[in-house]
Amino acid sequence: MKNFKLFSLLKTFLLVILVVFSSCMSESEFDASGEGKGGSMARFTFLKGYLYIVDESTLKTFDISNPDSPRLLGAENVGDGVETIFPYENYLFLGTQWGMKIYSVENDPVPNYLSDFEHSFACDPVVVSNSIAYVTLRSGTTCQTGNDRMEVVDVSDLRNPQLLNTIPMQNPHGLSVSDTVLFVCEGDFGFKVFNIKDRANPQLVSHYDSIPSYDVITNYGRKQLIITGKNGIFQYDYEDPHHLKELSQIMSVQTNE
């Protein structure tokens, strides 16, 4: 019963995201592969038809083949300070306050630990594209140390990730990749767009300081963004990354981040 209530809450949250996208999507464009589409700050995700949830120290795997009766398959201790989870191919990337953890679900739905990439203490979501991980690290109320920055990590060898580049940032939060474009939320400092044709060397092309941002989800097919921030939820067209075009907005009642 406890698992059922949790799953119902998750379905409600995902429905909100799908409703926003569905105003511009046909039914056939929804992913039927069993993979989810969420923000980089998320604590849960879907991969290969399974639901994965992390709390501060545990990674849980649920079989959701019967949506009315999700079944817990495993609960693994993954260490302290876990903040986010991101799916990429057959792998799960966990953002923690001490680094990035990589798990494989290639041969078993219950994740198998592969490696750690460690850094100084900081809050850090992660996204992955073409064997390159982009990790934002920020200081803040719950992360008291470490410089604000974005790290670029080569994960082509999943058991031995290597730091390629470090880019100074102001207060980076969530991020998202769409082909050769990288979007990074800078909290109260706005929203940044990077060109990543050279995957290891992101180049800043736009800084929208009037868009306070916490997390971002991209819809590559439609070239659209959903940005969340203290002012609400906003939808943008990014056909031209140099000039984002606002499509819609849902303003928040209170400016809580």
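The predictor's confidence in each residue is expressed as pLDDT, on a scale from 0 to 100. In this predicted model, the protein chain averages a pLDDT of 83, and 79% of the residues score at least 70. Among the elements of the chain, strand E15 (residues 191–195) has the highest mean pLDDT, 97, whereas helix H1 (residues 2–22) has the lowest, 41. Over residues 1–34 the pLDDT stays under 50, and for this stretch the model has 41 contacts beyond four places in sequence.

**Overall composition**

The secondary structure of the protein chain comes to one helix and 20 strands. Of its 257 residues, 50% count as buried, and the accessible surface comes to about 12,500 Å², of which 50% belongs to carbon and sulfur atoms. Among the contacts with a separation of 6 or more, 42% are accounted for by residues 24 or more positions apart.

**Strand pairing**

Strands of a sheet pair through backbone hydrogen bonds, either parallel or antiparallel. The table collects several antiparallel pairs of this chain, each with a pair of residues that stand opposite each other or are bridge partners.

| Strand pair | Bridges | Residue pair |
|---|---|---|
| E1 (residues 44–47) and E2 | four | leucine 47 and tyrosine 50 |
| E2 and E3 (residues 58–63) | five | isoleucine 53 and lysine 60 |
| E6 (residues 91–96) and E7 (residues 99–104) | six | glycine 95 and methionine 100 |
| E17 (residues 215–219) and E18 | five | valine 216 and isoleucine 227 |
| E18 and E19 (residues 232–237) | six | leucine 225 and tyrosine 236 |

Strand E2 (residues 50–54) is mostly covered, with four of its five residues buried.

Four residues lie between the strands in the hairpin of E17 and E18, where lysine 223 takes a positive phi near 55°, while the hairpin that joins E18 to E19 runs through two residues.

Strands E6 and E7 belong to an open sheet of four strands, in the order E5-E6-E7-E8, with antiparallel pairing. Strand E5 (82–88) and strand E8 (112–118) are its edge strands, each pairing on one side only, and the twist averages 20° from one strand to the next.

**Nonpolar cores**

The largest nonpolar core holds 29 residues, of which Phe93, Met100, Val128, Tyr134, Met150, Val155 and Leu182 touch the most other members. Strand E10 (residues 132–137) contributes the largest share of this core, five residues. Another core, of 14 residues, lies apart from it and includes Phe183, Cys185, Tyr208 and Ile227.

Not counting residues up to four places away in sequence, the contacts of methionine 100 are Phe93, Leu94, Ser115, Asp116, Phe117, Val126, Ala133, Val135, Val153, Val155 and Pro161.

Definitions and conventions
Residues are numbered from 1 along each chain as its sequence is written. This is a predicted model: local features need pLDDT of at least 70, side-chain atom pairs count only at pLDDT 80 or more; totals for chains, interfaces and linings use all residues. Side-chain values use heavy atoms; hydrogens and water are left out. Contact means heavy atoms within 4.5 Å. Two strands pair if DSSP finds at least two bridges between them. Axes are lines fitted to C-alpha atoms, for helices over the stretch in contact, and angles run from 0 to 180 degrees between N-to-C directions. Buried means under 20% relative accessible area, exposed over 50%, partly exposed in between (1.4 Å probe, protein chains only). Accessible areas come from the Shrake-Rupley method with a 1.4 Å probe; for residues, only the protein chains shown count as cover. A nonpolar core is a set of buried Ala, Val, Leu, Ile, Met, Phe, Trp, Tyr and Cys residues joined through side-chain atoms within 4.5 Å.
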